[in-house]
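Open the model in your viewer and keep the sequence panel beside it. This tour goes from one selection to the next and says what is there.

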Amino acid sequence: MGMLENELREELSGLERDGLRRDLRVISGGHAGRAQYDGRSFIMLSSNNYLGLAGDSRVRRAAISAVERYGVGAGASRLIAGSFDPLHQLEARIAGIKGTEAALVFGSGYLANLGVVTALMGRGDVIFSDELNHASLVDGCRLSKASVQVYRHCDVAHLKAIVEQAAPARRRLIVTESIFSMDGDCAPLNEILTLARQFGAALMIDEAHAFGVIGPHGAGLAAESGLGHEIEVQIGTLSKAVGAYGAYVAGSRVLIDFLINRARSFIYTTALPPAIAAAAQAAIDIIVSEPERIRRLWDNSAYLRGRLEAAGFTLGRSQSPMLPLMIGESHVALEMASRLFARGVYIVAIRPPTVPPGTARLRLTPISEHTRADLDEAIAALIESGRELGLVGP
Ligand SMILES: *Cc1c(COP(=O)(O)O)cnc(C)c1O
């Protein structure tokens, strides 16, 4: 046995001891609120497919007809082999919904965050970053070589204090999620933008959990807050509520032209497959034409929250459909997830380093397509499992 393998096995055992090991679970099918494992059907409360569009028949058809026309892979990066028109149509559609001059599609949200932060920021610049920002933003900050100042979660007073103390810099950028992925709370965008203006900083937001979930036509929290035209850099994914894959950056024409020339995770990677862009556009059309989906999503979430809080669970400070059921200890969260799984409910335990130590949780994402019967079944399983583990009273 090689030395490397022994060391890795040792590290994995450490993760297992601490309740932090992760393993893949094979899904054989399912969408719209249910999934199949091992021939059994589960209520899926862990996907980000908020509107059930990943499996929508119209979205599937759009992808299939684009595959027939353009093939599967894009063949090369967009600057090398030319840029398929479904991506351009999608970008125009996104810019229209976001109310920005332009948009640019990236291969994924991870790539977008990495590419945008590193293109905009470098040595001699300073980034102010919320402490709960997504790993892809954190990695972008690290890779940029800018000075990174972390402020307490959504704490504008703390942000102000560190912006005031920061040494003069070539460029300043405040970076935050709009709806936070693991807590579901909203950044105070108005106050942050005011501060940014006051101190000559630009603002970049990540709307991964807001696009398709909130705002006019699901345009996100910036649009909901009336800031669609004001926030310089707006990122969102096409992989969550939109149900496809990829991500966008929306902003001024100049920003987009600059990113085409400078964002390494745009330049040096193969383009998003055209069929995925066509699927994303079909999904966006549905989000716009069927606003009741977003309403059902929020209604389902309110119902789930009400029933779980009445049963004595602690649900955290979410202001979005995603509900963090707070547990604390990683081992307990894992045990809870495994008891739920035995009862036919799939909810993954979210543990460090995805969330801060001691804040392990179950992250519940009801979607628009869950029926009340689905939710009632999940609620019953949550209450039974929670009682067995002493998380809620009898
Ligand atoms: C999921 C997520 C991403 C990454 O997006 P992908 O398209 O899945 O790569 C980025 N930021 C946040 C806040 C996310 O939740």
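Start by selecting Ser65, which lies in helix H2, residues 57-70. The model is a predicted one. Is Ser65 buried, partly exposed or exposed? Its relative accessible area is 44%. Buried means under 20% and exposed means over 50%, with partly exposed in between. Ser65 therefore counts as partly exposed.

Now zoom out and select the whole protein chain. Colour by secondary structure to find 15 helices and 13 strands. The radius of gyration is 21 Å, close to the 21 Å that the globule rule gives for 394 residues, so the chain is as compact as a globular protein of that length. Along the principal axes, the C-alpha atoms fill a box of roughly 60 × 55 × 55 Å.

Stay with the whole chain and colour by accessibility. Buried residues make up 53% of the 394 residues. The chain exposes about 17200 Å², and carbon and sulfur atoms supply 53% of that area. Next, colour by charge: there are 40 positive and 42 negative charges, and their mean positions are 2 Å apart. If you display contacts, take those with a separation of 6 or more: 70% of them join residues 24 or more positions apart.

Next, select strand S3, residues 102-106. How many of its residues are buried? Five of its five residues are, and the strand is mostly covered. Show the side chains. In a regular strand, side chains alternate between the two faces of the sheet. In S3, Ala102, Leu104 and Phe106 point one way, while Ala103 and Val105 point the other way.

Five of the five residues of S9 are buried, so the strand is largely enclosed by the rest of the structure. Ala247, Val249 and Gly251 point one way from S9, and Tyr248 and Ala250 point the other way.

Thr237 stands opposite Ala247 in S9.

For the last stop, select strands S10, S13 and S12. They form an open sheet of three strands in the order S10-S13-S12, with antiparallel pairing. S10 (323-328) and S12 (349-350) stand at the edges, each with a single partner strand, so one side of each is left without a neighbour in the sheet.

Zoom in on S12 and S13, residues 360-364, which run antiparallel and are joined by two bridges. What is the bridge partner of Ile350 in S13? Select Arg361 to see it.

Note on methods: Residues numbered from 1 in each chain as written. Predicted model: local features only at pLDDT ≥ 70, side-chain atom pairs only at ≥ 80, totals over all residues. Heavy atoms only, no water. Buried < 20%, exposed > 50% of the residue type's maximum accessible area, 1.4 Å probe, protein only. Helix = DSSP H or I, 4+ residues; strand = E, 2+ residues; numbered from the N terminus. Rg over C-alpha atoms; globule rule 2.2 N^0.38 Å. Contact = heavy atoms within 4.5 Å. Areas by Shrake-Rupley, 256 points an atom, 1.4 Å probe, with all protein chains shown as cover. Lys, Arg positive; Asp, Glu negative; His and termini not counted. Charge placed at Lys NZ, Arg CZ, Asp CG, Glu CD. Pairing = 2+ DSSP bridges.
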